[in-house]
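Work through the exercises below with the sequence and the model open. Try each task before reading its solution.

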Amino acid sequence: MPQETRPEVVIGVDIGTTSTKVVAYGANGRQFASHTAGYPLDDPQPGYAEQDPQVILDAVLISIRAVVAELSEPVAGLSFGSAMHSLIGLDADGVPLTRSVTWADARSTRQAERLRAVPSGLALHRRTGTPMHPMAPLPKLLWFAEQEPKLFERVAHWVGIKDWVLLRLCEVLVTDHSVASGTGLMDIHKLEWDSEALAIAGITEEQLPQLVSTTAVLPGLTPQAAAATGLPQRTPVVVGAGDGPLANLGLGAVHPGMVACSIGTSGAMRVMVERPGVDPLGGVFCYALTEDRWTVGGAINNGGIVLRWAGEALAPDLGAHSEEELVALAARAPVGSGGLIMLPYLHSERAPHWSALPRGAYVGLTHGHRREHLVRAALEGVCQQLALVLSSVRAAGNEVREVRAGGGFARSGLWRQMLADVLGLPVSFATGPEGSSFGAAMLGMQALGLIPSIDVAFDLVRIEETVRPDPAAAATYAALLPLFAELYEALVPTFTSMRRMAPGLPTGLIQG
């Protein structure tokens with residue numbers, strides 16, 4: 001009898017902040033089927049950003065089942081990716097006692113600032129790869145210990161959203177080195193839970209999932225999960241990684257010196273390295289992909305969301321979904337926006353300052369500026385913030401030879417050129433199978449032996465355009481970048497005073 005052909009379709013599951021995207025890929029990068037299910041990001045109190053874990057699990061199950069129903073090809077396995085930094089408290093039976101507290105949650109700002117202020121804070125950052133910022137689970141745990149002590153004592157296990165989904169699908173409590181490297185609780189050099197971090201958090205190693213490789217393969221699905229997804233119970237499940245490192249893989253930026261840049265609602269710059277480490281000043285994170293591949297870089301809170309704000313605040317007459325009209329408006333202003341600089345910190349900021357303190361600001365405003373200048377300065381501010389992240393990546397000792405970019409902003413020709421000009425580097429824009437779901441599938445294929453290594457992603461990702469910097473524009477932005485950088489430090493005292501005053505100031509519009 002002829003030998004049965006081994007199935008080569010792997011389903012990549014990307015559990016994002018506002019939706020789960022599930023895509024089935026072949027080993028050649030071909031996409032067979034996809035499905036996306038959205039869910040809300042709730043803010044019941046100022047500074048909160050949390051979700052119902054069950055809603056996310058339902059979205060995962062529905063999306064997997066929808067993809068499986070479209071496939072005629074057999075499924076070799078599932079492989080997972082997820083947004084990093086989430087935290088859920090479980091009881092001894094695995095039932096959530098808390099909601100999923102996401103990376104965007106800022107309730108632990110005070111705890112993060114305390115950690116950053118002591119000399120051991122930077123040492124902890126260098127050892128765990130995670131900045132002391134309210135996005136991270138370590139300060140979140142401190143918040144629960146201080147603000148919800150009775151609940152804190154009841155929690156048997158602290159997990160991330162992907163850990164909990166895998167627990168429900170496979171009845172195994174594990175977390176991968178990639179997601180763990182974003183908790184502030186794991187020593188990235190030893191790949192072990194860090195005893196000092198656990199002591200600070202007031203938890204034990206037994207309260208955390210078992211650490212495993214991102215390519216670890218779980219034996220299969222529970223009968224309930226198999227029925228819910230439409231997959232055989234024996235289907236291999238690859239634990240997978242965090243969405244940031246997987247996005248590098250999804251763009252084919254898998255070699256040292258290749259920077260992946262993404263700008264969606266937020267943004268990020270990451271370079272793949274072979275050994276973990278951060279810069280001396282702690283301006284970057286360091287997260288794992290595999291044992292010999294790490295991503296060094298930084299995420300910014302304010303990406304495409306700044307353009308959305310500009311439309312609502314500066315050009316409401318253009319109506320909703322007016323991104324193209326806004327970009328056309330910005331294109332009418334000159335490079336450098338006539339000396340107008342915007343700090344785009346509408347939602348505070350992460351890299352490279354890792355502080356929840358800053359607020360947005362326009363500096364240099366004159367009577368000659370119009371809304372065209374204000375909109376362009378907002379877009380330039382996003383790119384300049386990414387340039388600061390790139391400087392920190394270089395300060396960590398990393399060579400930068402190539403930039404690959406993706407995300408919603410990449411559809412705009414103006415933003416493409418602006419990014420290349422501000423970075424002063426050619427930027428290649430990918431088309432085809434990109435994103436964390438593709439990265440998750442590629443990692444799963446390596447784990448299941450369907451591809452020799454994740455290096456094949458470099459050849460599978462197609463580049464549709466490479467934009468080179470305009471020399472004159474690049475020189476203007478290079479002159480403005482130091483001013484942009486120094487404004488943050490100059491305004492820190494003002495930001496501090498504004499935060500102190502904020503509770504007493506009215507918000508909202510006056511009706512009537």
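**Exercise 1. Find which helices each supply at least two residues of the lining of the second largest pocket, then describe that pocket.**

Solution. Step 1: the helices are α2 (109-117), α3 (119-128), α13 (371-395) and α17 (471-501), and each supplies at least two lining residues. Helices (H or I, at least four residues) and strands (E, at least two) are DSSP runs, numbered from the N terminus. This is a predicted model, in which local features need pLDDT of at least 70 and side-chain atom pairs count only at pLDDT 80 or more, while totals for chains, interfaces and linings use all residues. Residues are numbered from 1 along each chain as its sequence is written, and side-chain values use heavy atoms, with hydrogens and water left out.

Step 1: α3 gives the most to this lining, with three residues.

Step 2: the volume of the second largest pocket is about 410 Å³. The lining has 18 residues, and R116, L281, G282, P352 and H353 are the closest to the centre of the pocket. On a 1 Å grid over the protein atoms alone, a pocket is an open set of points with protein on both sides within 12 Å along at least five of seven lines, a cavity is a set of points where a 1.4 Å probe fits but cannot get out, and lining residues have an atom within 4 Å of a point. Grid points are joined across faces, edges and corners, and a volume is the space filled by probe spheres set on the points.

Step 3: by class, seven lining residues are nonpolar, seven polar and four charged. Ala, Val, Leu, Ile, Met, Phe, Trp, Tyr, Cys and Pro count as nonpolar, Asp, Glu, Lys and Arg as charged, and the others, Gly among them, as polar.

**Exercise 2. How many cavities of 30 Å³ or more are there, and what lines them?**

Solution. Step 1: rolling a probe the size of a water molecule over the atoms shows where empty space is left. The count is two cavities of 30 Å³ or more.

Step 1: the largest cavity holds about 150 Å³ of space. Its lining consists of 22 residues, with S86, V159, G160, D163 and T183 nearest the centre. At least two lining residues come from each of α4 (137-147), β8 (157-159), α6 (161-170) and α7 (177-180); α6 has the largest share, three residues. The classes are 14 nonpolar, six polar and two charged.

Step 2: the second largest cavity has about 80 Å³. Of its 13 lining residues, Q51, A83, S86, T102 and I161 lie nearest the centre. Seven are nonpolar, six are polar and none is charged.

**Exercise 3. Which strands pair with β5, and in what sense?**

Solution. Step 1: β1 (residues 9-15) pairs with β5 in the parallel sense over seven bridges. V13 has F80 as its bridge partner.

Step 1: β14 (residues 237-242) also pairs with β5 in the parallel sense, over four bridges. S79 stands opposite V238.

Step 2: in β5 (residues 75-82), eight of eight residues are buried.

Key:
Buried means under 20% relative accessible area, exposed over 50%, partly exposed in between (1.4 Å probe, protein chains only). Two strands pair if DSSP finds at least two bridges between them.
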